[in-house]
Amino acid sequence: MSQQFDVVVIGGGPGGYVAAIRAAQLGFSTACVDAYKNPEGKASLGGTCLNVGCIPSKALLQSSENFHAIQHDFAKHGISVDGAKMDVATMLDRKNGIITKNAGGIAFLFKKNKVANIHGLATLKSRQGEKWIIEVVDNGAVVDTLEAGHVIIATGSNPRQLPGLPTDNQIVLDNAGALALADVPARLGVIGAGVIGLEMGSVWKRLGADVTILEAMPTFLAAADQQIAKEAFKSLTKDTGLDIKLGVKIGEISKGANGVTVNYELNGEAVKAEFDKLIVAIGRVPNTGGLGADNVNLQLDERGFVVVDDHCHTNLPNVWAIGDVVRGPMLAHKASEEGVAVAERIAGQKPHVDFGVIPWVIYTSPEIAWVGKTEEQLKAEGIEYKKGTSGFAANGRALGLGHAQGTVKLLACAKTDRILGLHMIGPMVSELVTEGVVSMEFKAASEDLARIVHAHPSLSEVVHEAALAADKRALHG
Ligand code: FAD
């Protein structure tokens, strides 16, 4: 006997669980099917983001920052600590506790909103009349058959593997392995200087590992504004101590019982590097395995993403797809916003996700964040712009925090003054970037931001100064 729902969401990550809650709020009978099991074999909602992504990485970043601060910053405050030690097992327990708490929170929200919480791998089987038939399998057995008026696919992504070097999460690690190392490795190699490589490299570097990051691209953080990227490169190599090598051509990699040998070429020279552990962070691929795309002729593109239109509708009637499994940035907040928009569209509303105003954050220390166009993009598009920059060096709040390093750069249209981009590196810029997001959503001019009262002393004063600087009237510049 199959269960019937108006909406079945496949995947319980930040795209899927949010879509399910919103659909239920709008009055639809809704189920969310998620296949993830944690290392103890228990179902844990929240997808990549909560279980092996955004949240655990930020927990470890904070632990490692605290350890680093004790060793390098506390003395400046007159605090002396002798014999500070890092207990990795306790750090991992804390991280796991955060995951358990938040996963339980999602299960609670499902109950509260009457979303049926179904564990297992969901496969699209067929269309019967107006209904989609979905089979749910767990531990090799069919545990449920569902009938759905609408299906929202939110199956996320998996780490891309290096050809011929499968991840074992003992020596060759993906994000899950990098977040669960039982000890600090002496020599850690990271392939890929993207967000995940930089964040994971920072964690283990601060805890004492010797970290080398190998990046194929000759440009550091090519998607970021290059003024900010250059400052970030300097800070991460000099202050954090990451050894980042750009323009590397990876050759043969051989894995032994205790480590990995990576052969690579840099500036025409052959290099052989030995690592105890190797993190492979070379991007992520859409996850459609087990979904049954072929059963129902769901259209995938040549890279395996589910093909959708501007409103996340697939080629099939009443089948939608959101998050990492479709085009666009692989970010949790993008997945969630698409989830809300799809649920509201099913309800006949006309929601809109503004892809031009999605914030990006890299949680290194200092943090890097941006929204909107970079200077390079504006130049390439022939858009005349003006810019204002301001630094954290003299900001009273930043000095008090002991993190007075970094820059904010505001870009505005030369003709209309409308803000086109806000780029920053510095303390807590993950929070400050929202000022740019809100301003841009409200189509603000740099003049608007310059005239808004900002609290003193606060880090946000640097954003204010950047807006003033765009009109050449910075007060502290
Ligand atoms: P996912 O979170 O991947 O969830 C998909 C879920 O669907 C999974 O639970 C999966 O098991 C399940 N599933 C798959 N197929 C099926 C099926 N057939 N049946 C049932 N269930 C299925 N993003 C940010 O915005 N900020 C960050 O700071 C950030 N940090 C990150 C750090 C790391 C280390 C990593 C790896 C990623 C990070 N991301 C971050 C990216 C973020 O995790 C993803 O963009 C986000 O999780 C995508 O959400 P989603 O709902 O599309 O998919």
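**Before you click**

What you see is a predicted model: local features need pLDDT of at least 70, side-chain atom pairs count only at pLDDT 80 or more, and totals for chains, interfaces and linings use all residues. Residue numbers start from 1 along each chain as its sequence is written.

**Stop 1: the whole chain**

Color by secondary structure and you will find 14 helices and 22 strands. These are DSSP runs numbered from the N terminus, with helices being H or I of at least four residues and strands E of at least two. Zoom out: the C-alpha atoms fill a box of roughly 70 × 60 × 45 Å along the principal axes. The radius of gyration is 24 Å, close to the 23 Å that the globule rule gives for 477 residues, so the chain is as compact as a globular protein of that length. (That radius is taken over C-alpha atoms, and the rule is 2.2 Å times the number of residues to the power 0.38.)

**Stop 2: around the ligand**

Of the 35 residues around the ligand, which come nearest? They are G11, G13, G47, G156 and G323. Elements giving two or more residues to this shell are β2 (30–34), α2 (47–52), α3 (54–72), β4 (121–128) and α9 (332–346). By class, the shell has 16 nonpolar, 17 polar and two charged residues. Here Ala, Val, Leu, Ile, Met, Phe, Trp, Tyr, Cys and Pro count as nonpolar, Asp, Glu, Lys and Arg as charged, and the others, Gly among them, as polar.

**Stop 3: α9 and its partner α1**

Axes are lines fitted to C-alpha atoms, for helices over the stretch in contact, and angles run from 0 to 180 degrees between N-to-C directions. Show G16, V18, A19, R22 and A23 of α1 with S336, G339, V340, V342, A343, E344 and I346 of α9 to see the contact. Contact means C-beta atoms, placed from the backbone, within 7 Å. This one has seven nonpolar, three polar and two charged residues.

**Stop 4: α3 and its two partners**

Move to α3 and bring in helix α6 (residues 195–206), whose axis comes within 8 Å of that of α3 and crosses it at roughly 35 degrees. From α3, S57, L60, L61, S64, E65, F67 and H68 meet E199, S202, V203 and R206 in α6. Four nonpolar, four polar and three charged residues make up this contact.

I55, P56, A59, L60 and S63 in α3 meet M91, R94, K95, I98, I99 and N102 in α4. That contact divides into seven nonpolar, two polar and two charged residues.

**Stop 5: loops to inspect**

Select S365 and P366, joined by a cis peptide bond with omega about 0 degrees. P366 sits in the loop between β18 (360–362) and β19 (367–372). Then go to H456 and P457, where the peptide bond is cis too, with omega near -10 degrees. P457 lies in the loop between α13 (446–451) and α14 (461–470).

Finish at M428, a residue other than glycine with a positive phi, near 55 degrees. Look for M428 in the loop between β22 (419–426) and α12 (429–441).

Notes:
A residue is near a molecule or strand if its C-beta atom, placed from the backbone, lies within 6 Å of it. Two residues are in contact if their C-beta atoms, placed from the backbone, lie within 7 Å.
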